[in-house]
Each structure stands twice: as C-alpha cells, then as structure tokens.
Amino acid sequence: MRQAAIVLSMAACDLSSGDGDAGSGDDTGGAVACPLNDAWEPNDDPEDPTDMNWDSADKASAWHEVHDAYLCPGEDDWYRIEVADLGYTVHYLYVRALVKDAGLCGAACGEPVLAAGPENAMTIEVYRADTHEPLIAQTADDGVLALAGSGDDYADGLLLRVHSDTPTAEYPYRLSISMRNYEGEDECEC
Ligand SMILES: [Ca+2]
Ligand SMILES: [Ca+2]
C-alpha cells in the first residue's frame, strides 16, 4: 500500500509540473503582453532609455514633447535627453505629463479633468544621467504632473522615469520637457 501511495504522489507531481510549464509558468515568466504599448519601447531600463532630441532650441530655451507614449501595467518608461550641447549658463527644467486627455490647466481653463484615483496614478522621477543621482520626483493620481528643478545638476544629461505605483494602471500619456536659460514664471494662461 505504501508503495502505491508513493507512485501516485509522484504521478501527481509530474502532472502538476507539466501543467506549470504549459500554463502558469508562462504567465509569470515574461512581461505581460500589452499590444497598445508605444513605439518608444524598449525603454524599461535606465541603461537602455529612449533617447529624446529637442524639438526646438534657441539661446533662451529648448523644448521637447512626446505625444504618443503609453504606460502598460507594471512597466517603466525611461527617457534620456542631452543638455550640455545647449550651452546654457543656467538650467531651469520643467517637466509636464498628462494622462489620457487630462489638461494641464484644468477646469478653470475648460480643459478635461480626470477623476483622481489609483487607475490614473503616475510617478515621474528625474535623475542625472551620469551618476543616476535622483533630482526631483512627483506622484499624482489625477493625471496631471508638473515638476521643476534647477541648478548645475541639470547641465549635462538627464534621465526621466515614468511609472505607476498602481500595478494595473494603464493609459496613454503625453510628456513635455523644457529647459530654460533663465528663471521664469510658469503659469496657466487660458
Ligand atoms: Ca511604454
Ligand atoms: Ca517601457
């Protein structure tokens, strides 16, 4: 009787391990499929970011926008931008991110407003590209983020990380980055 029990338990073991290979093993082994992800992938790692170029740049300021980004559940989007070539004497960085169709200036300007909630939570972090030293970060759950930082830490290359603390959060987003060679006000003007 004891031998029969051992054989049975081994058979059950083989069965379950076979199921794991074919089913649940695949689910946990790789990235979750996300067909809507953006064309800037892969950029899940700070060592392999999406390189951004300034859309416009002059002696006073430079600007870049990503219109068509998408955050999939649980992923990171890393971006890198070079600053030194701008030749600025001072560096004032402004980063904006908008989830879905959220407007930067909100209802006061007649722009779409997202309901605050974990499904709209986003975090942006900015790092020095050379040392990976964290510089500024912000988290919001209403889909509107606006960060600013300044100083010599912003004079070379910068890394930006976009992610969500909500593991299931998934949405399109827009990102804009500007660097100014002066200290300026940043206000909503409808
Ligand atoms: Ca993405
Ligand atoms: Ca990514």
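Two strands count as paired if DSSP finds at least two bridges between them. With that in hand, here is a friendly tour of this predicted model, in which local features need pLDDT of at least 70, side-chain atom pairs count only at pLDDT 80 or more, and totals for chains, interfaces and linings use all residues. Residues are numbered from 1 along each chain as its sequence is written, while chains are lettered from A and ligands numbered from 1 in the order in which they are written.

**Overall make-up**

- The protein has two helices and ten strands; helices (H or I, at least four residues) and strands (E, at least two) are DSSP runs, numbered from the N terminus.
- Of the 190 residues in the protein, 23% are buried. Here a residue is buried if 20 or more other C-beta atoms lie within 10 Å of its own, exposed if 12 or fewer, and partly exposed in between, with C-beta atoms placed from the backbone.
- Two residues are in contact if their C-beta atoms, placed from the backbone, lie within 7 Å. Among contacts between residues at least 6 apart in sequence, 74% join residues at least 24 apart.

**Confidence**

- The average pLDDT, the predictor's confidence in each residue from 0 to 100, is 87 for the protein, and 83% of the residues score at least 70.
- Residues 4-30 are the stretch to treat with care: pLDDT stays under 50 there, and the model has one contact beyond four places in sequence for them.
- Where pLDDT is low, the predicted coordinates should not be read in detail.

**The five-stranded sheet**

- An open sheet runs in the order β2-β3-β10-β5-β8, with antiparallel pairing. Its edge strands are β2 (56-57) and β8, each of which pairs on one side only.
- β10 is joined to β3 by nine bridges, the two running antiparallel; within this strand, Y173 is the bridge partner of A69.
- β10 also runs antiparallel to β5, with eight bridges joining them. L93 has M179 of β10 as its bridge partner, and R96 stands opposite S176 in β10.
- Seven of the ten residues of β10 are buried, so this strand is mostly covered.

**The nonpolar core**

- A nonpolar core is a set of buried Ala, Val, Leu, Ile, Met, Phe, Trp, Tyr and Cys residues joined through C-beta atoms within 7 Å. The largest one here has 33 residues, and those with the most contacts inside it are A97, I124, L160 and Y173.
- At least two residues of this core come from each of β3 (61-71), β4 (77-82), β5 (92-99), β6 (122-128), β8 (144-150), β9 (157-163) and β10 (171-180).
- Setting aside neighbours within four places in sequence, I124 is in contact with V95, A97, A137, Q138, L145, L147, L160, R161 and V162.

**Backbone details in the loops**

- E41 and P42 are joined by a cis peptide bond, with omega about -5 degrees. P42 is found in the loop between α2 (24-29) and β1 (50-52).
- K100 is a residue other than glycine with a positive phi, near 50 degrees, and its place is in the loop between β5 and β6. K100 counts as exposed because it has 12 C-beta neighbours inside 10 Å.
- H132 is not a glycine either, yet its phi is positive at about 60 degrees. H132 lies in the loop between β6 and β7 (134-140) and is exposed, with 10 other C-beta atoms within 10 Å.
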